[in-house]
Amino acid sequence: MKVVNVFLIFSVLLALFGSTASAQTSASRPPFRYGIIVSNTSHLPQAAGLGFGWVKIYVSWKSIEPTKGSFSNYPDNVIQQAQANNLQVVASIFDIPDYEAGSPAPSAMPSDFGDFMGQLAAHFKGQIGAYEIWNEPNVSGTWGWGNPDASVFTSMIKAAYPKVKQADPSALVISGGLSNTLDGNGTSAISDLTYIQQMVQDGIVGNVDAIGIHPYPGPCDPSTTTCGSSGGVMFRRAEQEHDALVQAGGGSIPMWITEAGYFSTPSDLGSNFSGCNGSGSGIGGFASWELDPNTKANDLVAAFQYAYNNWPWLGGFILMNLDMTTDTFRATCDPVRFWAILDQNGNPTPSYTALQQMTKFAPQISFPQWSSTNQVSSPVTISGLVTDPTTNGNPGLDAVVASVDTPYLSSSVLAPSTFSSNGSFTINVDVSHLSYGVVHLIHVYIHTAAEGWTVETVGVTPAAQAGFSPASLTFILNPSVETVAQATITVSRNDGNSQPFSPNPTVSSGTSWLTAVRPMVNRQPDPWHITVTANAAGLSPGIYHAMVTVSDQSSSSWLQNLPVSIPVTLLISNATPRVYIPAVEDGTPPG
């Protein structure tokens with residue numbers, strides 16, 4: 001990319017951003033995330049096979065910080081495996097450390113929790129897409145500090161939110177999904193509608209990115225407004241919850257379904273569960289929720305479609321669940337098993353197949369399969385495909401913007417992109433100009449006329465490597481004026497080490513018109529520059545191509561991107577004076 005084109009790009013982006021508001025206003029709805037709860041990491045490929053793009057896992061506060069300020073047992077392997085399957089993660093935080101136990105919660109607990117979330121977000125910067133704070137905090141069984149307390153819970157959110165955003169600005173914070181408790185009992189179970197109003201009154205607006213809800217539909221059609229067989233629990237409770245949020249003054253906050261699904265007849269998921277059918281089997285009131293395989297499959301698809309088509313304020317729908325049928329640590333008739341869509345052997349059920357085939361808008365962004373804890377070298381390629389079934393196969397992709405470490409549609413010349421309206425795109429990230437050993441966030445924004453902006457994020461950690469600026473050279477010579485031209489390549493390294501690494505430049509074999517050497521400084525070879533000389537003497541007019549290859553002649557270097565090849569072009573013309581053009585300007589090299 002020539003220097004002049006950099007200004008062209010900024011002009012195009014300025015024009016693009018000027019039309020962003022109207023594009024978003026005309027969009028049918030904000031981005032919608034499809035997800036599923038996964039219990040066993042061996043089934044992550046099957047989660048990816050659904051085409052959902054998101055998985056929810058449970059992360060224990062108690063396990064990671066068993067004593068205040070002592071952190072260990074991070075679920076690194078789980079997060080890395082999710083990334084390797086191109087899955088974004090919702091981490092659902094739960095479990096009380098012993099030092100926070102008591103009823104009511106200790107007065108320092110919200111502040112302690114905020115410190116924990118800041119540490120967690122820093123550890124997983126660029127690796128976790130969203131944090132769900134707690135699970136069903138409006139009921140005592142999952143709240144954990146006696147009777148539920150919306151004020152204390154909101155204090156937890158308010159303490160965690162700025163710490164998470166400081167550590168990882170791209171990560172979402174979602175309040176723990178509320179249980180549909182109908183009117184509640186005022187003590188151990190607070191009505192989800194009342195709880196939402198209390199959270200807004202206690203200042204959750206501006207301190208959360210989404211409100212989590214659990215609108216289980218019982219055994220009824222998702223579009224119904226009543227469901228007697230479930231005691232009044234129904235899918236469209238989500239509408240009542242959103243109405244309560246709007247009426248309380250929190251209508252600007254999106255909602256996420258962080259848990260919902262349909263219940264199988266247990267024996268349909270495997271012979272292991274033949275004794276779990278019906279009442280008296282240990283599944284309690286869920287006996288009246290049992291569905292046959294085909295009805296469950298049809299209703300699940302209908303629920304996703306209803307939510308997408310009717311709730312523009314819903315940012316995500318995470319299904320309960322993929323594979324709890326396969327858990328070996330659960331009681332045989334534990335009810336959580338029977339929301340699964342894999343059977344006892346991990347095989348797909350009709351529900352899995354139906355959801356896999358379901359039409360959905362989900363940007364399919366295929367990141368390179370690395371963990372951000374693994375160090376990478378240039379070039380790094382991010383490629384993806386955007387699909388939208390409402391547009392007959394062509395999503396009308398009209399913009400792709402990639403930023404490095406700066407969210408909110410701030411493009412970076414370190415991450416140029418190309419794309420096609422049919423949905424395919426590629427981003428080439430030059431990590432040689434990014435600091436060694438630091439997790440850098442690559443924010444990928446895609447825009448379609450129908451859906452507006454969608455963003456996904458991946459973290460990359462550069463290895464120690466050399467940088468070269470410019471990354472290519474072009475010489476234009478008129479032999480009647482002069483036959484020799486020179487240019488300087490500046491050498492850098494991204495690890496903050498001021499010690500030279502002895503770059504060794506060589507030119508393409510048989511290229512007599514080109515030389516590349518390190519100039520002398522104080523009678524020693526300069527470690528930070530390479531002088532490239534083109535000589536047109538004896539050459540006919542035309543275009544000549546060659547390569548300067550830079551390797552390391554020292555034995556101690558640990559720079560991982562060498563050798564580097566720098567293309568050189570020589571244009572000989574009798575009508576053009578000599579010009580030196582730095583063909584690529586990728587920012588100021590570090591070091």
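Colleague: Which residues is Asp112 in contact with, leaving aside its neighbours within four places in sequence?
Modeller: In this predicted model, those contacts of Asp112 are Trp61, Lys68, Tyr99 and Glu100.

Colleague: How far apart are Asp112 and Lys68, in sequence and in space?
Modeller: They are separated by 44 residues in sequence, and their C-alpha atoms are 7.9 Å apart.

Colleague: Is Asp112 buried or exposed?
Modeller: Asp112, which is found in helix H6, has a relative accessible area of 14% and is therefore buried, as the cut-off is under 20%.

Colleague: Turning to H8, what does this helix pack against?
Modeller: Its buried residues pack against helix H6 (109–123), strand S4 (130–133), helix H7 (140–143), strand S5 (172–179) and helix H9 (192–201). Among those buried residues are Phe153, Met156, Ile157, Tyr161 and Lys165.

Colleague: And what caps the N-terminal end of H8?
Modeller: Asp149 does, with a side-chain oxygen 3.0 Å from the backbone nitrogen of Ser151.

Colleague: On another topic, how many aromatic pairs are there?
Modeller: The count comes to 32 aromatic pairs. One of them joins Phe263 and Trp339 in an edge-to-face arrangement, at 4.8 Å centre to centre with 80° between the planes.

Colleague: Where do Phe263 and Trp339 lie?
Modeller: Phe263 is in the loop between strand S7 (255–257) and helix H11 (293–310), and Trp339 is in the loop between strand S8 (314–319) and helix H12 (350–357), so the pair ties together parts 76 residues apart in sequence. Both Phe263 and Trp339 are buried.

How values were computed. Residues numbered from 1 in each chain as written. Predicted model: local features only at pLDDT ≥ 70, side-chain atom pairs only at ≥ 80, totals over all residues. Heavy atoms only, no water. Buried < 20%, exposed > 50% of the residue type's maximum accessible area, 1.4 Å probe, protein only. Helix = DSSP H or I, 4+ residues; strand = E, 2+ residues; numbered from the N terminus. Contact = heavy atoms within 4.5 Å. Polar contact = N/O pair within 3.5 Å; in protein donor to acceptor, adjacent residues only side chain to side chain. Phe/Tyr/Trp six-rings, centres within 6.5 Å; stacked < 30°, edge-to-face > 60°.
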